[in-house]
Amino acid sequence: MLDELKNIAIADYDYPLPDDRVARFPVDQRDHSKLLTLIGGTIGEHRFYEIPDLLPQNSLLVFNNTKVIHARLFFRKPTGSTIEVFCLEPYQMPVAQSFEQREHCTWNCFVGNNKKWKSGSLERIVDIDGQAVTLTATRQQAVGNAWIIDFEWTGGFSFAEIIDRAGVIPLPPYLGREAEQSDADRYQTVYAEHEGSVAAPTAGLHFTPQVFDRLAHRGIPTEYLTLHVGAGTFKPVSTPTIGQHEMHVEKVQVSFDNISHILAHPDRRLIAVGTTSVRTLESLYWFGVQLHANPDLDAMHVDQWEPYQSDTRLTGHEALAHVLEWMQRRDIDHLDGDTRLMIAPGYTYRVVQGLVTNFHQPKSTLLLLVSAMIGDRWRECYRFALDHGFRFLSYGDSCLFLP
């Protein structure tokens with residue numbers, strides 16, 4: 001099975017996307033975006049605010065509550081050159097702990113205009129509530145196409161405060177524009193909580209307090225996990241087959257209560273809001289499979305091809321129960337792990353039974369994930385969307401897939 005999967009040609013997951021169909025800005029009201037539905041085999045068109053009434057009564061919605069950080073930091077050298085330091089993830093430190101630091105922290109970063117940074121440190125002044133704070137960046141060694149950067153600052157503020165005031169929201173490169181003030185709010189879900197992403201879980205951008213009120217009125221419970229979205233989410237598959245593509249690593253944080261609540265609703269249809277929620281939930285399953293074989297594992301690491309090399313018959317609830325037992329034995333209330341899971345056609349979903357998601361780039365791993373859920377009908381859905389004026393990508397419209 002693995003060899004067959006690796007030979008999937010990415011050219012088979014291409015489609016024509018005219019430039020004018022890419023949404024450069026969001027709609028004025030979040031929940032007034034369009035919603036394509038594939039329910040019971042039938043394609044339909046709705047407005048997003050209708051979604052509570054379109055979901056099965058026994059649904060359980062799972063969200064990713066990651067928060068996008070102001071990851072782009074700009075420094076101007078005395079020569080006039082501008083250097084961009086794009087913060088990707090903390091270096092050898094948990095995300096939350098790094099943001100709590102008050103004098104120094106170290107991150108993996110992309111460096112723009114790197115050739116102009118010959119030596120020495122970069123420095124800039126940041127105004128925080130009228131106080132002038134000096135922020136210094138020192139380049140260490142290269143790691144792949146990124147760099148390890150040491151940050152130091154004055155004033156006793158947390159790094160979360162520093163980057164919030166000094167940085168700029170990192171919009172997806174395919175939007176082809178610089179971030180504006182409104183993006184600080186609109187490129188963030190209304191339920192964002194845990195800082196750490198460099199891209200928004202965009203399926204959640206459509207939800208509003210009014211939609212949540214309607215979900216509660218219908219008795220549809222909600223659950224919140226955390227997967228910090230990395231820059232690799234924008235990386236298209238540039239190899240002829242998916243077997244040559246290396247999936248990026250993403251950090252996962254799940255609470256004891258998350259898993260307990262999911263296990264307490266065995267009859268609920270679990271619907272993931274966004275592909276990141278999908279990857280978190282399905283990665284938890286495979287960690288449970290690992291624990292079934294070896295209960296003494298130290299940490300959660302899920303490899304790219306792991307599902308396609310395992311002949312397991314564990315149900316989703318059995319696997320999640322192993323994860324819960326592991327957390328109980330270790331007396332921890334949060335699980336921090338990482339995943340490189342690739343979900344592609346041929347994958348069998350073990351936990352997720354429905355998906356709310358935006359329209360994805362051609363030849364992307366996200367489109368492969370969608371195809372794994374609804375098969376070749378993704379072509380029909382995307383053609384319907386193109387023919388009926390739907391807007392595409394991060395600030396575009398959304399889909400509800402209930403296969």
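**A sheet, a helix on it, and a helix pair**

The model is predicted, so to speak of a local feature we need pLDDT of at least 70, and of side-chain atom pairs pLDDT 80 or more, while totals for chains, interfaces and linings use all residues. Residues are numbered from 1 along each chain as its sequence is written, and side-chain values use heavy atoms, leaving out hydrogens and water.

Strands (E, at least two residues) and helices (H or I, at least four) are DSSP runs, numbered from the N terminus. Strands pair if DSSP finds at least two bridges between them. β5 and β6 (residues 82-90) are antiparallel, over five bridges.

They belong to an open antiparallel sheet of six strands, ordered β5-β6-β7-β10-β9-β8. Its edge strands, β5 (72-76) and β8 (121-128), each pair on one side only.

What packs on the sheet? Helix α4 (residues 159-166) does, touching β5, β6, β7, β8, β9 and β10; contact means heavy atoms within 4.5 Å. In α4, Phe159, Ala160, Ile162, Ile163 and Ala166 are buried, meaning under 20% relative accessible area with a 1.4 Å probe, protein chains only (exposed is over 50%, partly exposed in between).

Now the helix pair. α8 (residues 275-293) and α9 (residues 316-330) pack at about 70°, with axes 8 Å apart. Axes are lines fitted to C-alpha atoms over the stretch in contact, and angles run from 0 to 180 degrees between N-to-C directions. Among the residues that meet are Leu284 and Tyr285 in α8, and Val323 and Trp326 in α9.
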